[in-house]
Structures are given as structure tokens and as C-alpha cells.
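Open your viewer and keep the selection tool handy. We will go through this structure stop by stop.

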Amino acid sequence: MTVRKNQSALTAEEKRRFVAALLELKRSGRYDTFVTTHNAFILGDTDTGERVGHRSPSFLPWHRRFLLEFERALQSVDATVALPYWDWSVDRTPRAALWAPDFLGGTGRSVDGRVMDGAFAASTGNWPISVRVDTRTYLRRSLGGGGRPLPTPAEVDSVLAMATYDMPPWNSGSDGFRNHLEGWRGVNLHNRVHVWVGGQMATGVSPNDPVFWLHHAYIDKLWADWRRRHPGSGYLPVAGTRDVVDLDERMKPWNDSTPAELLDHTRHYTFDTA
Amino acid sequence: MSRPTRRRALRGAAALAVGGGALAALPRTTASAASAAAHEQDGPAPFDEVYLGRRIQGRSGGGHHHHGAGYTVLVDGVELHVMRNADGSWISVVSHYDPVPSPRAAARAAVEELRGAPLVPFN
Ligand SMILES: [Cu+2]
Ligand SMILES: [Cu+2]
């Protein structure tokens, strides 16, 4: 059974294997298909039209399914690998071990944002940015460059306390847990972390930065934490909602699973915490 | 491949190449023309300026996608994918998680983020 661990608890060997599996997916071309899929949904999901991956109730099950697909791809390279998660409310500075050269590498240099160390630095030749929105082919970051700090544990707690999963109009204007976690409204958790990292992470092609997976693995864990805290609250809406994925509707692009089937993560993996 | 594929394009919706800022010459479907006309009454004002050495333009209508709220933004003649949020704020594909108040602000944020790099057409 796959156990997703806090990135700060990984051994040197676990980090090495995770990085090696990422590089192999990249080399084979499989990695970039995930970037392409994500950007297609970023561009296609709108508040007034069909919305599946973002700004909608299925933001959470869609990314859960997306991460499962990616984790299975990693495991086809190295069966011992699991996706780690980044609790950015605790490991909240560019000095965190997450950004060390033996793991994801650090922030970008000031002149052009280019990441200069670690396995994903352009100078290695192993991490070309191929699916892109501008002509720059090197991984960029500006950790904390936007000025606003990462969310605090108290801010996370304030969102976990929201008892209603989601509300009409089921988009970026909604009240409720999902949209506050996604960050279009309120204290802003998920969106703010993308902005804090900067570089490709702030764009539609955000999975170009491997930290995308660790960020979303933690967002996914917060959904699991929320479900435990509110056992009487379920996924909403339940049926008959135009342009929105209801509880028992299948999600694109896979068309093989529904939010209802993805509610229980323990069918696929567990976390290192209780 | 250097270009993200759009879901709309996959669906076969009108996906028209944009080049050189020839906005007025772009064909439109009847449906998008109607929705653009509807937005023109209450949409944001057009703009055309040089910001940090880049020409940025924004106009109601046009655009080769339905979800830009009937508004097209160009940076040096290449379309920047923008989107209007439910609360009236705007984002672009270059700064997707950080809403700003207007399409001009989205264009300026994109220019700052690009640091001189040309956009890649997204269709
Ligand atoms: Cu996403
Ligand atoms: Cu995200």
C-alpha cells in the first residue's frame, strides 16, 4: 500500500529515488503529457461554462485522480516511490530542506528567475520546459517573491472549520470549504502557494515544477482531514447541475470515475499521519 | 511540443490563428459575435499602450475562445489567454492564480512576468 509522507520526513534514499523517477518520466516524454492535460483544463474551466478541474466542486476529486495517475506513472518506474506532500504552513521559508540541492533545488536567480541548483536546473540538461506559454525553456522560481507569506496553520484551520463542502454558484464566487481551500475567496490557501513559488508554478503550465505534485498532495490531504472533521458533510452538488460535475457524474478526461468513487482515498493510499 | 493544447480546440470549437494583432480581420462564429456584442455594453474599456517596452492591447470581442468573456488581450501582437472571474476580476495563463481588477492589469502583470520573453501562441 502506498504511504504518502511529509516531504520533511523523507530519507536521503527516498528523495533520491523520487527525483530519479521524475527524471525518467521526463526523459520518456510521459511527464509532459501531464503538463499538457493540466493546462488544457486551466484554459477550459470557466465560471460561466463547463468547469471540471478548477473553480468548481470537482477541483478536489479531479486533482486526486490526476495525482493518482501521476503516482502510478512514477511507480511504473520505481515501485517504491510515493508522492510526498509539502505542508507549506510549517515548512514556510526558502530555507526548508524541500528546496535543497538534493531534493527540488532552490529559488531562481534574480536576473531571470532561473533555478541554478538541484536536479531540475536547466544546466543539467535533464529538465527542458517543453510545454510552455512563453519562449523560456528553463525552470524558474521566485520563492516568496510576490511578498505575501505562505498560509499559516491558523488560516488552514479556519478553512478546515467550514462545514459545507461547496455552494452555488459552484465556481470561483462560491462560499464554502472547496472555494476557500482553492483560494478564489477568503484567506486563500491553494492559489496563494502557486503565487508564492512563482515561475512556471504561477502559470497554467504549473506542473512543469515538480513541487506542483507536493503542493497538491497536501491540498489532497487537507480534503481528507476535512472529511474526518465533518463526517456528516458530503460532496456537493448531488445531481442535476449544469456545467458542473455532480456526485455521481464521471469526470473528463478519464471518464472512468466519479467524485463519489474518489471520496475515500484509503482505497489507493494512506498518509503517514493518523 | 511547445504549445499547450486547449480543450476547446480538442472539441473542434472555433480555433483561429491570431497573428500580428489583426484583430478586426478575425472571423467569428455567430454565437461568439452575439456574446461579444452583449459584453461590449458592460465590458472593460479597450486599451493600447506600450508598457515596459511591450505593446499591450485589449479589445472587446474577437478572440478565438469563448471563455475570455468576449475580450481579447495581445502582447506584441500575440494573444494572451485571459479569463474573467465571477467577481469581475481577471487572470491570464501567465499569472493564473493571482486575480487583478482589469484586463489591462492582467496584461501588465504578464509583461512583468515575461521579462521580455515572447508569448507562445496557444492554439
Ligand atoms: Cu490544477
Ligand atoms: Cu494547483
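Predicted model: local features only at pLDDT ≥ 70, side-chain atom pairs only at ≥ 80, totals over all residues.

## Where the chains meet

Helix H1 (7-10), strand S5 (82-84), strand S7 (95-100) and helix H3 (103-114) of chain B each supply at least two residues that touch chain A. Which of them gives the most? S7(B) does, with five residues. Color this side of chain B by class: 14 residues are nonpolar, seven polar and eight charged.

Now show the whole contact. It brings 29 residues of chain B against 42 residues of chain A. Together the chains bury about 2,900 Å², with 56% of that on carbon and sulfur atoms.

Look for charge pairs. There are two salt bridges between chain B and chain A. To see one of them, select Glu113(B) and Arg136(A): their side chains meet at 3.4 Å, N to O.

## Inside chain A

Select helix H2 (residues 30-44) and helix H3 (residues 59-77) of chain A. They pack at an angle of about 170°, with axes 11 Å apart. H2(A) is therefore roughly antiparallel to H3(A).

Show side chains where the helices touch. From H2(A) come Arg30(A), Tyr31(A), Phe34(A), Thr37(A), His38(A) and Phe41(A). They meet Trp62(A), His63(A), Phe66(A), Glu69(A), Phe70(A), Ala73(A) and Ser76(A) of H3(A). By class, this contact holds seven nonpolar, four polar and two charged residues.

Technical notes: Residues numbered from 1 in each chain as written. Chains lettered and ligands numbered in written order. Heavy atoms only, no water. Axes fitted to C-alpha atoms, helices over the stretch in contact; angles between N-to-C directions. Helix = DSSP H or I, 4+ residues; strand = E, 2+ residues; numbered from the N terminus. Parallel < 35°, antiparallel > 145°, perpendicular 65-115°, else oblique. Contact = heavy atoms within 4.5 Å. Nonpolar A, V, L, I, M, F, W, Y, C, P; charged D, E, K, R; others polar. Buried area = accessible area lost by both parts, 1.4 Å probe. Salt bridge = Lys/Arg side-chain N within 4 Å of Asp/Glu carboxyl O.
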